[in-house]
Amino acid sequence: MIDVFVSFPYTHANPSITALRVARAEKYVVSLLNKDLVPYSTITAWEHMLKRHTLSADYSFWKNHCRKMINASLSVHVLMLEGWETSPGVQDEIAIAKSLDKPIDYIPQEDI
């Protein structure tokens, strides 16, 4: 069982912003692991594979995967990084969590 599914905005027109988002999410995932929790983030788990293999970064490719991982999680944490409110992936993951009655915590930027 996964304790926390971590959701955050990923893609951006500026690759530096994408990289910063991933770095901040990785830091947050590690902080949960250091608290003896079992966290999961699709992006931090798979992003390195996008660079090595022919995998789409488009959320529509990952939607089913995310749904299954949210279903296997006890809760969802949404990292409120810039763009989270308009990110189609984040908004869909929130909707999935709500449909599955999973608790959702919204994590402010200063706590990441």
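In strand β3, Val76 is the bridge partner of Phe5, where strands are DSSP E runs of at least two residues and helices are H or I runs of at least four, numbered from the N terminus. The model is a predicted one, in which local features need pLDDT of at least 70 and side-chain atom pairs count only at pLDDT 80 or more, while totals for chains, interfaces and linings use all residues. Residues are numbered from 1 along each chain as its sequence is written, and side-chain values use heavy atoms, with hydrogens and water left out.

The 4 strands form an open sheet in the order β2-β1-β3-β4, with parallel pairing. Because β2 (39–40) and β4 stand at the edges with a single partner strand each, one side of each is left without a neighbour in the sheet. Two strands count as paired if DSSP finds at least two bridges between them, and the pairs are set out here.

| Strand pair | Sense | Bridges |
|---|---|---|
| β1 and β2 | parallel | 2 bridges |
| β1 and β3 | parallel | 5 bridges |
| β3 and β4 | parallel | 4 bridges |

Val76 also stands opposite Ile104 in β4, and Val4 stands opposite Pro39 in β2. Of the 7 residues of β3, 6 are buried, so this strand is largely enclosed by the rest of the structure; buried means under 20% relative accessible area, exposed over 50%, and partly exposed in between, with a 1.4 Å probe and protein chains only.

Phe5 and Val76 return in the largest nonpolar core, which has 31 residues and in which they are, together with Val6, Phe8, Tyr28, Val78 and Leu79, the residues with the most contacts inside it. Such a core is a set of buried Ala, Val, Leu, Ile, Met, Phe, Trp, Tyr and Cys residues joined through side-chain atoms within 4.5 Å. At least two core residues come from each of β1 (2–7), α1 (15–33), α2 (42–52), α3 (59–71), β3 (73–79), α4 (88–99) and β4 (104–107). Not counting residues up to four places away in sequence, Leu79 touches Val6, Ser7, Phe8, Pro9, Ala25, Tyr28, Trp84, Ile107 and Ile112, a contact being heavy atoms within 4.5 Å.

Helix α3 has 13 residues and reaches 17 Å from its first C-alpha to its last, close to the 18 Å expected at 1.5 Å a residue, the expected span being 1.5 Å times one less than the number of residues. The helix bends by about 30 degrees at His65, the bend being the angle between axes fitted to the seven residues ending there and the seven starting there. Its buried residues are Tyr59, Trp62, Cys66, Met69 and Ile70, and what covers them includes β1, β2, α2, β3 and α4.

Cys66 has a relative accessible area of 2% and, leaving aside its neighbours within four places in sequence, is in contact with Phe5, Thr42, Tyr59 and Glu93. The C-alpha atoms of Cys66 and Gly89, 23 residues apart along the chain, are separated by 9.3 Å.

Arg24, which lies in helix α1, is partly exposed, with a relative accessible area of 22%. Leaving aside neighbours within four places in sequence, Arg24 is in contact with Leu81, Gln109 and Ile112.
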